Amino acid sequence: MASKYFSIYNEIANKIENGIYQANDEVSSESELMKEYNVSRDTARKALILLEENGYIQKIKGKRSCVLDINKFDFPVSGVISFKEIAQKMGKTYTIVDELSCIIPNDRILNKLELSPTDKVWRIIRSRVIDDERVILDKDYLVEKYVENITEEICKDSIYAYVEGELGLKIAYAKKEITVQFATEEDKKYLDLKKFDMVVVVKSYTYLDDTSLFQYTESRHRPDKFKFVDFARRKK
């Protein structure tokens, strides 16, 4: 027989999955669950903790717990794919180009792209809008000697389509790192962060088929909108 707290958890989780509770709705407090289900405070607390651990609610100190948006977009970790290709599976999407400039980068970017002090890069900052909210901030650095010219229209559409289709270069592979960081002032400026003070950061180092490192990207995501997915097969 299932534990009482697990039965409460299942009932509330089913209501969230079936849309009876919507994102940002408040759920019953511990005291209210105790009365509603005639259970102890410990049982009510365990049910709420399990809901939080499984991504259904966010417990807020001094307030009722609120329902999280469980309808997250899949964001592939493996593979080299443009936002335009991913966006085909999302809601209404478009890109805002916040900055496009050709610069001599600072030492940090020079080191990441393994460049000499005289090499130039394109610095491109783009806000990705999904369903009228800015939820991704992409900061791209492309080596100018490989990509000699780029326009705002290309940045709004697809840089990869331009690099492969117009320039005839072949993008081969990428190395990626995923971290969770406190939101910066730049994140707060460009993203609709709402109550979130953390962002998920995907750093990508992208190479051409001759192993030339031509792009470094920091893709900064509001954490409630995405789940990061991969496929792995065990090899012995």
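1. The buried residues of helix H2 are covered by, among others, helix H1 (4-17) and helix H3 (41-53), where helices (H or I, at least four residues) and strands (E, at least two) are DSSP runs numbered from the N terminus. H2 itself spans residues 30-37, and its buried residues are Glu30, Leu33 and Tyr37; seen down the axis of H2, these fall within an arc of 60°, so they line one face of the helix. The arc is that of the directions from the helix axis to the C-beta atoms, and buried here means under 20% relative accessible area, exposed over 50% and partly exposed in between (1.4 Å probe, protein chains only). An α-helix has 3.6 residues a turn, so residues three or four places apart point the same way. After H2 comes asparagine 38, whose phi is positive, near 55°.

2. On provenance, this is a predicted model, in which local features need pLDDT of at least 70 and side-chain atom pairs count only at pLDDT 80 or more, while totals for chains, interfaces and linings use all residues. Residues are numbered from 1 along each chain as its sequence is written, and side-chain values use heavy atoms, with hydrogens and water left out.

3. Leaving aside neighbours within four places in sequence, the residues in contact with glutamate 218 (heavy atoms within 4.5 Å) are Arg108, Leu137, Asp138, Lys139, Val202 and Lys203.

4. The model has 19 salt bridges, each a side-chain nitrogen of Lys or Arg within 4 Å of a carboxyl oxygen of Asp or Glu. One of them joins glutamate 218 to arginine 108 (3.1 Å, N to O); arginine 108 lies in helix H5 (residues 107-112) and glutamate 218 in S9, so the pair ties together parts that are 110 residues apart in sequence. Arginine 108 is partly exposed, with a relative accessible area of 38%.

5. Arginine 220 forms a salt bridge with aspartate 187, with 2.7 Å between the closest N and O atoms. The former lies in strand S9 and the latter in helix H8 (residues 185-190), so this pair ties together parts that are 33 residues apart in sequence. Arginine 220 counts as buried at 4% relative accessibility, and aspartate 187 is buried with a relative accessible area of 0%. Salt bridges that share partners also join Glu99, Arg123, Lys139 and Glu186 into one network.
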